[in-house]
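These notebook entries record what I looked up, one topic at a time.

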Amino acid sequence: MNSHNDKLLIDVGSTYVKVCVESNAPERCHLEQHFRNFNQSILDDLMHKCGHTISAFAKDDVYICSSANGGLSTLIIGLTHTFSLKYATNIAFNSGINIIDTILYQDIASATVPSDLIDVVIIAGGINSKGNAFADDLYHYLQNINYSNIVYVGNEQDAKVAKAQLPELVVLPNIIDNRLHIVEEELKAYLTNLYQQDIMGKEDIKDLYQISSNQIFSTPYIVNQTLPLIDASYSVVNPFILLDIGGATTDIHYSKDLVDENMVTNNEFDRLVFKKLGVYKSRESLIFAAQGNEFVYELLMHLNVTENIFHEQSDKATRILMQLAIFLVLCKMSHYRQTYINLKLSAVNSIVLTGGVTKVLKQEEAEDIISFFYTKILTSQHRPVTIMDTDYAIWTLGSRAQDANHRAK
Amino acid sequence: MSLLQEEREIILGNEYVENFDFAEVEDFVKNASKELFISHHFKHSNKMLVQPRGGFPTYKKQFALNEFFVKANVDVLPLTIDSNTRLNDYRSAARMLRLSEENDVDMLNGYPLVNHGYRTTRKMVTHFNKPVSLRHGTPDARLLIEQAIASGIFDIEGGPITYLLPYSKNFPLDKAFLYWKYVERVCANYSQLNEPINRESFGPLTATLVPPAITIVIQLLEMLLSLEEGVKSFSVSFAQQGSMMQDIVTGHVLKKLARHYAEDIGCGDASIHLVYHQWMGAFPTNPNYAEQLISIATVVASMVGADKIITKTNQEAAGIPTKEANAETVANTQYSLRILNGLPNITDEQEEEILTEEVMAIMQAVFNDPADTLWRKVFNCIKSGIIDVPFSPHIINHNQMITIRDEQKNIRIIKRGKVPIPDHCFAYEKAQCDLSKDTTSIVNDIIHDIGIMQ
Amino acid sequence: MKVVTGVIGNDIHVVANRLIDLSLKARGYEVFNLGVNTYLEEFFDAVIETDADILLISSLNGEAEGWSREVKALKAEYKGLDNLIMMIGGNLTVGTGKAEDIIPKYKNYGFDLVCHQVDLNTGLDMLAEFVKEKSA
């Protein structure tokens with residue numbers, strides 16, 4: 001079977017599964033994509049839809065990555081926006097985490113208490129010579145919330161008290177050094193592992209080890225590994241952004257020179273997620289966000305539809321929603337709307353689209369919406385080159401690179 | 001079509017570029033007059049080339065400036081780019097250019113080359129038929145350099161370190177390395193068509209108490225990054241430091257080690273040149289003193305055997321010099337050079353040995369970094385403080401090295417931070433200074449030393 | 001004592017900034033230098049993260065005035081900055097202005113110490129004096 005060095009790559013998303021045969025013999029390569037059946041386990045669903053393909057591969061040749069479980073939910077408590085909260089948020093996004101809520105510690109008394117279970121709480125703040133940054137109000141607040149893990153990456157002096165108060169607390173080195181610079185390695189490793197354990201702990205995912213003997217990785221992790229390779233292998237030109245618009249969330253990976261941040265890190269690209277921006281699971285919140293945007297009606301007019309489209313269930317409605325999603329994401333990242341970061345979008349040379357959006361929109365439809373954004377919001381004639389990753393080449397490249405790394409070790 | 005070509009097309013597809021005709025540009029470079037290539041002059045001229053500074057927003061004023069320079073017997077024309085273009089903000093540059101043209105007031109501090117475009121700029125360059133040197137300060141100069149070469153500008157200053165650490169607070173250094181790699185590759189490609197395109201590193205850095213060891217290391221590294229991409233003509237440079245002895249030693253060590261490391265990576269076929277900048281620090285307000293400082297610089301440049309000198313004016317302290325002052329300094333420098341003949345070849349052997357050891361120790365630390373590419377090694381070394389540039393505003397720079405002038409005005413390292421200056425060299429440096437004073441007095445000395453020539 | 005310092009706004013005068021840093025260290029302060037191009041919120045956030053006693057803002061291009069108007073309102077959003085000593089120095093106005101007009105204006109913006117075109121050592125002597133009086 002494997003004289004052609006064939007491999008089977010599987011990406012389990014929240015909405016779709018992608019199955020890809022990689023081979024040295026081009027005629028053997030192919031890609032299939034299926035809408036997930038949520039009434040079945042992932043494995044059953046997979047075997048039902050492409051059991052024939054899967055069964056042709058030995059377990060050693062099957063590589064799986066997953067974002068099916070939506071990732072970890074995170075609550076970050078920090079002393080300031082510029083340092084502790086920003087640094088922890090940056091590290092969490094780059095570790096593949098999708099859901100991040102932040103609390104400024106001085107406002108903790110009035111902060112709302114989340115009702116859902118939180119996967120991991122991160123506490124950050126202060127350089128090591130600062131003590132007494134946190135007091136009892138922190139521990140009172142934590143008593144009222146449900147969480148599975150808690151990690152402390154703040155100043156050294158408060159670590160002892162925190163550990164005494166919270167025996168389950170994991171204490172890692174401070175993410176802020178004495179020059180007020182970011183220290184990312186340990187927290188990043190911790191969160192990446194936690195995410196990894198979470199994936200492997202899910203019953204649905206555990207099943208998948210019946211068809212693969214390789215470690216299952218998170219999809220954002222794989223994509224992030226690929227970014228530095230992208231401009232070497234594709235006609236993607238720095239600085240670029242990569243938008244992964246899917247069913248539940250939208251992931252953005254961006255060249256670091258698109259932001260003016262005082263963070264010296266080792267990665268050329270950072271990641272950011274809009275957690276409730278997708279066209280299936282997050283359809284309602286996407287529509288809600290759209291209705292709050294003052295340019296949307298102009299955009300609908302431009303697309304020759306009315307707002308009734310929001311209530312339709314059709315291919316056309318899905319297409320319009322995808323276009324809206326691109327528009328809203330660009331708006332959120334431009335200076336027009338303030339978020340965690342703003343990107344210098346007028347300097348972008350390429351916009352790469354991947355994920356479900358490439359299955360729904362044609363190249364011209366994506367380009368049309370990007371032009372609309374640049375004209376209306378940035379009043380600019382600038383037009384980044386749009387690249388549709390229709391055949392999931394980026395994900396494939398990442399999985400292959402992962403495989404190569406694995407073998408090298 | 002190669003990947004680089006696709007990349008070039010996307011970059012030159014920018015809305016501010018009017019229809020870049022690759023084939024036509026290639027043809028132009030292929031048939032361009034040899035006179036436009038500074039590499040050609042380096043090869044055939046037996047005198048030091050003189051290059052002033054200067055850039056004006058409008059075509060008309062830039063043209064007039066060049067006319068003045070030519071009358072003053074200039075060897076190399078400068079083209080200094082405005083600060084909006086340096087930040088890739090072509091939109092603001094366009095607006096300011098229009099205002100400058102309409103109101104006859106200079107709204108930009110240089111020539112916005114991208115907005116003028118290569119067709120227009122080439123007319124000026126070919127009209128004067130002299131080599132033009134591009135001066136800018138751009139971390140991402142991909143678009144600018146394409147336009148410059150298409151305009152007939154074949155001497156390109158800058159580099160990922162020397163154009164970033166003195167000017168920017170937070171532009172990511174790793175990106176700057178990748179963007180300059182593109183520049184090197186484009187220069188290398190064009191170099192195959194006619195005479196080579198010359199690349200020049202910017203040695204003055206922050207022009208504030210930078211010790212020669214740091215200056216030389218950065219010159220050597222930018223040279224290696226350029227040569228490894230195929231560039232065949234490269235100028236290392238440094239600026240007048242305030243001590244004649246230290247300048248002469250720096251010149252010797254820089255030349256010797258540039259050759260050494262170029263051969264070390266198998267690029268011994270490249271031609272390497274030395275460029276000397278007249279005083280880049282704060283200038284005396286008295287124009288007569290300023291003039292003395294400038295003539296001394298010309299003497300030093302002759303003693304170090306510079307291939308090119310970049311001039312300053314006696315109006316430096318008062319703001320941006322007029323075109324008359326800029327032209328005058330060219331004529332004066334040419335005059336000085338004509339009378340500077342038969343200089344003795346002198347050096348200070350002990351100083352030369354110490355400086356060589358310091359540079360080689362830092363270079364070794366860079367090469368020892370485990371990264372797989374040279375640029376990544378350099379990046380890691382700047383990040384970890386093995387390379388530390390005094391008075392750099394960039395957040396990645398450690399700013400732990402402290403320098404001061406000794407009695408002979410030599411710049412000495414009194415705190416080395418994480419820079420691997422060998423112990424006995426460090427002891428020697430410190431022994432030249434009076435460190436018995438209290439710390440506030442030492443800081444006052446540093447403040448005094450920064451304004452040394454005022 | 002801990003000092004947070006930096007140059008406010010779109011100001012890139014790094015030499016003055018480094019000299020303030022060196023001078024403060026020479027006088028025994030623990031210095032957190034945010035460098036050039038620093039915004040008001042970053043200054044206050046750095047004070048919180050470091051537990052600094054003193055905030056020394058410098059401005060050389062005259063931008064200080066615009067920013068300083070926002071000091072009081074922004075500072076009020078923070079808890080725990082009441083004992084912070086606030087100092088500003090450099091060229092505090094665009095063009096020419098008289099120190100006797102400028103100083104009260106900046107004191108009104110919320111600065112304890114205002115040094116307009118004052119020599120660095122004199123300014124730091126003023127700071128030392130102020131600290132001494134305050135703790136007395």
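**Entry 1: confidence.** I began with pLDDT, which is the predictor's confidence in each residue, on a scale from 0 to 100. I needed this score because the structure is a predicted model. For chain A the average pLDDT is 89, and 97% of the residues score at least 70. I then asked where in chain A confidence is lowest and where it is highest. The lowest mean, 73, belongs to helix H13 of chain A, residues 393-408. The highest, 98, belongs to strand E9 of chain A, residues 170-171.

**Entry 2: secondary structure.** I listed the elements of each chain. Chain A holds 13 helices and 15 strands. Chain C holds six helices and five strands. I also wrote down the order of elements along the sequence of chain C, which reads β-α-β-α-β-α-α-β-α-β-α.

**Entry 3: overall dimensions.** I repeated the check for chain C: with 136 residues, a compact globule would come near 14 Å, and chain C agrees because its radius of gyration is 14 Å. Along its principal axes, the C-alpha trace of chain A spans about 65 × 55 × 40 Å. The C-alpha atoms of chain C fill a box of roughly 35 × 35 × 30 Å along the principal axes.

**Entry 4: burial and surface.** I took buried to mean under 20% relative accessible area. By that cut-off, 60% of the 409 residues of chain A are buried. In chain C, buried residues make up 53% of the 136 residues. I then looked up the surfaces. Chain A exposes about 16200 Å², with 49% supplied by carbon and sulfur atoms. Chain C has an accessible surface of about 5900 Å², and 52% of that belongs to carbon and sulfur atoms.

**Entry 5: contacts along the sequence.** I considered contacts between residues at least 6 apart in sequence. In chain A, 69% of these contacts join residues at least 24 apart. In chain C, the share is 78%.

**Entry 6: charges.** I asked how many Å separate the mean positions of the positive and negative charges in chain A. Chain A has 32 positive and 47 negative charges, and their mean positions are 1 Å apart. Chain C has 13 positive and 21 negative charges, with mean positions 4 Å apart.

Key:
Residues numbered from 1 in each chain as written. Chains lettered and ligands numbered in written order. Predicted model: local features only at pLDDT ≥ 70, side-chain atom pairs only at ≥ 80, totals over all residues. Heavy atoms only, no water. Helix = DSSP H or I, 4+ residues; strand = E, 2+ residues; numbered from the N terminus. Buried < 20%, exposed > 50% of the residue type's maximum accessible area, 1.4 Å probe, protein only. Contact = heavy atoms within 4.5 Å. Areas by Shrake-Rupley, 256 points an atom, 1.4 Å probe, with all protein chains shown as cover. Lys, Arg positive; Asp, Glu negative; His and termini not counted. Charge placed at Lys NZ, Arg CZ, Asp CG, Glu CD. Rg over C-alpha atoms; globule rule 2.2 N^0.38 Å.
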